Amino acid sequence: MYKRIRSQIDNILKPKGSPRGTCSGSEHVPDFEPHRHLRLLTFNIQVGINTSSYRHYVTRSWQHFLPNRRRIENLDRIAALLSQYDVVALQECDGGSLRSGYINQVQYLAEAAGIPYWYQQLNRNLGQIAQHSNGLLSRFRPLDVTEHKLPGLIPGRGAIVARYGLKEDPLVLVLMHLSLSKSAQQRQLGFIRDLISEYRHVVLMGDMNAHAEQLLTRTPLRETDLVPLPDTAHSFPSWRPEKALDHILVSPSLEVRQSGVVSYPVSDHLPIALDIALPKGYLEAFRSVV
């Protein structure tokens, strides 16, 4: 898909026919491999806009509404990074409106990065103007993927839940983009807490618009035992990181091999990466049921 789009970028037209789906399907997607560690990444891509200064929020604001030739070049740079990871959580994607040249950015990034499975969650549908979305990219076939609308006074925030491994004891990844409002975050994280309460192996990934200390001590997540990255994992703004707004939080059952902020300033956020391994004995249990 993305090669075709690149060859036609000088003459962008809205494609005719039925609309694209929101999922690649699981055909030709490899089975989950619990014996290896997983490389995880979360990235707010700001719909492919390259922002490197506060003034760009003004001078490049038109790119939130209109297409820009350089957006494809920036998406290709993002895809080059994503190609190094197994599971990717994307925030602030466009699902195919005027501003993205009618390109489903989740699908484009998956295909450009060579990642076989993708899932797009449309959270705020503004028709031709914008298709605000979250995205999941995965090298392995999930057991299942579900999407949830997060509560809030202003609708448009969502979470994707992907389960891997054993049906009886899955690895559960929750990909999200939380509201700016602290009161809305309380409701949204209460919803997330209830979603994960029955699982042992959990990863929360995404742009949470709050520091880890606040998330784990002053929201419903305090009732969990999730482990954060260090407070120094600042991801925003990308050109002078001062705030830790993007997170990967994990259950203590999961072994963290390495983690940190990735110095890759192609959005107004920097990506966060983390490598995990499943608990000892999980492989043996997995083999006994497959």
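This is a predicted model: local features need pLDDT of at least 70, side-chain atom pairs count only at pLDDT 80 or more; totals for chains, interfaces and linings use all residues.
Modeller: Residues are numbered from 1 along each chain as its sequence is written, and side-chain values use heavy atoms, with hydrogens and water left out.

Colleague: Is Glu223 buried or exposed?

Modeller: Buried means under 20% relative accessible area, exposed over 50%, and partly exposed in between (1.4 Å probe, protein chains only). Arg193, at 22%, is partly exposed, and so is Asp194 at 49%. Because its relative accessibility is 54%, Glu223 counts as exposed.

Colleague: How far apart in sequence are the parts that Glu223 and Arg193 tie together?

Modeller: Helices (H or I, at least four residues) and strands (E, at least two) are DSSP runs, numbered from the N terminus. Glu223 lies in the loop between helix 6 (212-217) and strand 9 (246-250), whereas Arg193 belongs to helix 5 (residues 182-196), so the pair ties together parts separated in sequence by 30 residues.

Colleague: With which side chain does that of Thr146 make a polar contact?

Modeller: Thr146 is in strand 5 (residues 144-149) and is partly exposed, at 34%. A polar contact is a pair of N or O atoms within 3.5 Å; within protein, one must be able to donate a hydrogen and the other to accept it, and residues adjacent in sequence count only if both atoms are side-chain atoms. At 3.2 Å, the partner of the Thr146 side chain is that of His148.

Colleague: What separates the C-alpha atoms of Thr146 and Ile160?

Modeller: Contact means heavy atoms within 4.5 Å. Leaving aside neighbours within four places in sequence, Thr146 is in contact with Ala159, Ile160 and Val161. Although Thr146 and Ile160 are 14 residues apart along the chain, their C-alpha atoms are separated by 5.9 Å.
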